[in-house]
Amino acid sequence: MNLPSNVYQARVKAGILKQDNAQQNVVMLLDQLCKSLSTYQPSVHSSGGMFGSFKSLWQKPLPPPKGIYLVGSVGRGKSMLMDLFYEQVPVQHKLRTHFHIFMQDTYKRFHTLKQQSGKGGDPIPDLAKELAQKAWLLCFDEFQINDIADAVLLGRLFEQLFALGVVVVATSNVKIEGLFQNRPGSDAFKPFIKVLSQQMTQIELNAAQDYRLGRPEDEKRWLVPCNQENKERLDHVFLNETHGRPVKEETLMVMGRALHVPCACGVVARFSFQDLCDVALGVGDYLVLAQRFKTIILDDIPQFNPENMNVIERFTMLIDVLYEQNVKLYVSAEADLEEIYRKEDRRAFFERTISRLNEMQGQNWGITMRGR
Ligand SMILES: Nc1ncnc2c1ncn2[C@@H]1O[C@H](COP(=O)(O)OP(=O)(O)OP(=O)(O)O)[C@@H](O)[C@H]1O
Ligand SMILES: [Mg+2]
């Protein structure tokens with residue numbers, strides 16, 4: 001088995017990564033988990049057949065190793081380390097996914113199973129079993145709980161997954177005890193926090209720097225302000241990216257609903273900020289866009305009004321999805337990135353958005369995939 005630490009060291013030696021002691025400490029723990037998992041078999045995957053069933057009568061399954069919850073500020077290397085672990089861990093039934101995407105798929109499957117089980121049926125046990133059979137090592141990037149519906153579904157689902165011996169590794173900007181707190185209904189979520197703390201070791205990654213900062217920025221992709229000159233610059237970008245081919249409107253389908261794209265050509269699309277963030281769109285819509293288009297041009301981002309959290313949260317979600325899907329983004333905005341949301345006590349989720357948008361300005365963004 002090639003341990004995460006070997007790969008990490010090799011990448012440092014090759015100059016791909018900078019040596020970072022805080023990351024190094026996390027890598028050691030990831031090594032340990034790799035070793036524990038190499039001899040672990042969850043009950044849901046233990047060998048079937050008659051002998052298997054007899055055996056399970058008198059032999060208690062081994063308790064699962066604790067997963068890892070990697071928390072820390074933006075750009076510290078959490079996702080990079082989890083991916084490194086994921087590549088090396090000797091587990092066949094494993095899944096690495098962005099948490100937004102996992103939630104999308106889970107809701108879809110939940111509703112299908114609910115329809116099949118009829119009125120009063122509880123689809124959660126079947127859903128958990130199905131998931132665990134597909135993958136008993138789940139690696140989630142950007143674990144977060146956005147609303148009460150997610151909180152309720154996840155609480156019950158994870159309880160069952162853990163009971164089936166599933167092991168979870170996750171990255172997050174929020175500590176376990178801070179998930180879905182100070183929100184209406186958060187008390188009901190407390191038992192889930194306890195379960196997560198029992199099943200996962202929380203590790204804080206205090207790496208030395210935000211590795212997204214300080215990259216070359218030859219090509220400007222965040223244009224300020226929203227004036228005629230910048231509109232024309234974005235026209236020019238569109239022309240360059242599409243090589244002058246004809247532009248058309250498009251309609252994409254998202255879970256049976258039509259999503260209108262006013263201006264598309266090949267894998268390039270152009271929207272106004274209002275089109276995407278000032279209407280009732282959600283993660284599902286953004287994901288469909290991000291999977292359909294490689295380059296998105298967004299005109300007229302205003303300076304955010306803290307009173308209108310819906311718009312800010314939608315923009316945050318949009319950037320999360322575009323970032324995850326490696327989409328190239330050009331915008332015109334009323335203010336520089338750091339000034340777009342000026343509230344003093346700007347919430348942590350917006351720091352992540354700024355950090356990502358910074359990385360997305362890099363000249364190679366959207367051309368080469370990140371190391372994942
Ligand atoms: N030691 C390092 N040396 C050089 N580059 C690094 C190092 N660690 C991370 N990076 C790079 O920095 C960028 C940010 O890392 P990563 O995406 O893993 O951060 P993160 O902690 O997951 O951030 P976020 O909380 O926003 O998701 C990535 O492109 C990654 O490859
Ligand atoms: Mg990350």
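Predicted model: local features only at pLDDT ≥ 70, side-chain atom pairs only at ≥ 80, totals over all residues.
Colleague: How do you know where the largest pocket lies relative to the two domains?

Modeller: Domain 1 (4–204) and domain 2 (222–360) both contribute residues to the lining of the largest pocket, so the pocket lies between them. Its volume is about 1200 Å³. The lining comprises 39 residues, and Q144, I145, N146, D147 and R183 are those nearest the centre of the pocket.

Colleague: Which helices each supply at least two residues of that lining, and which gives the most?

Modeller: The helices that each supply at least two residues are α5 (99–117), α7 (148–163), α11 (283–292), α12 (309–324) and α13 (348–360). The most comes from α12, with six residues.

Colleague: What makes up the lining of the largest pocket by class?

Modeller: There are 15 nonpolar, 13 polar and eleven charged residues in the lining of the largest pocket.

Colleague: Which residues line the largest cavity, and what are their classes?

Modeller: The lining consists of H98, H100, I101, V283, L287, D320, V321, E324 and Q325. Four of these residues are nonpolar, three are polar and two are charged. Helices α5, α11 and α12 each supply at least two residues of the lining, and α12 gives the most, with three. Domain 1 (4–204) and domain 2 (222–360) each provide at least three residues of the cavity lining.

Colleague: What makes the pair formed by Q23 and ligand 1 a polar contact?

Modeller: A polar side-chain atom of Q23 lies 2.9 Å from a nitrogen atom of ligand 1. The limit for a polar contact is 3.5 Å between N or O atoms, so this pair qualifies.

Colleague: Which residues come nearest to ligand 1, and how does its shell divide by class?

Modeller: The shell has 21 residues, and K18, K78, S79, M80 and N173 come nearest. By class, the shell has five nonpolar, six polar and ten charged residues. Helices α4 (78–88) and α13 each supply at least two residues of this shell. From each of domain 1 (4–204) and domain 2 (222–360), the shell draws at least three residues.

Colleague: How do you know which form, cis or trans, the peptide bond joining V224 and P225 has?

Modeller: Omega is about -5°, and the bond joining V224 and P225 is cis. P225 is located in the loop between β6 (222–223) and α9 (228–242).

Colleague: What is noted about phi of M255, and where does M255 lie?

Modeller: Phi of M255 is near 45°, which is a positive value in a residue other than glycine. M255 belongs to the loop between β7 (248–254) and β8 (257–265).

Terms used. Residues numbered from 1 in each chain as written. Chains lettered and ligands numbered in written order. Heavy atoms only, no water. 1 Å grid on protein atoms, 1.4 Å probe; cavity = no way out; pocket = protein on both sides within 12 Å on 5 of 7 lines; lining within 4 Å. Points joined across faces, edges and corners; volume = space filled by probe spheres on them. Helix = DSSP H or I, 4+ residues; strand = E, 2+ residues; numbered from the N terminus. Nonpolar A, V, L, I, M, F, W, Y, C, P; charged D, E, K, R; others polar. Domains from an automatic or database assignment. Near = heavy atom within 4 Å. Polar contact = N/O pair within 3.5 Å; in protein donor to acceptor, adjacent residues only side chain to side chain.
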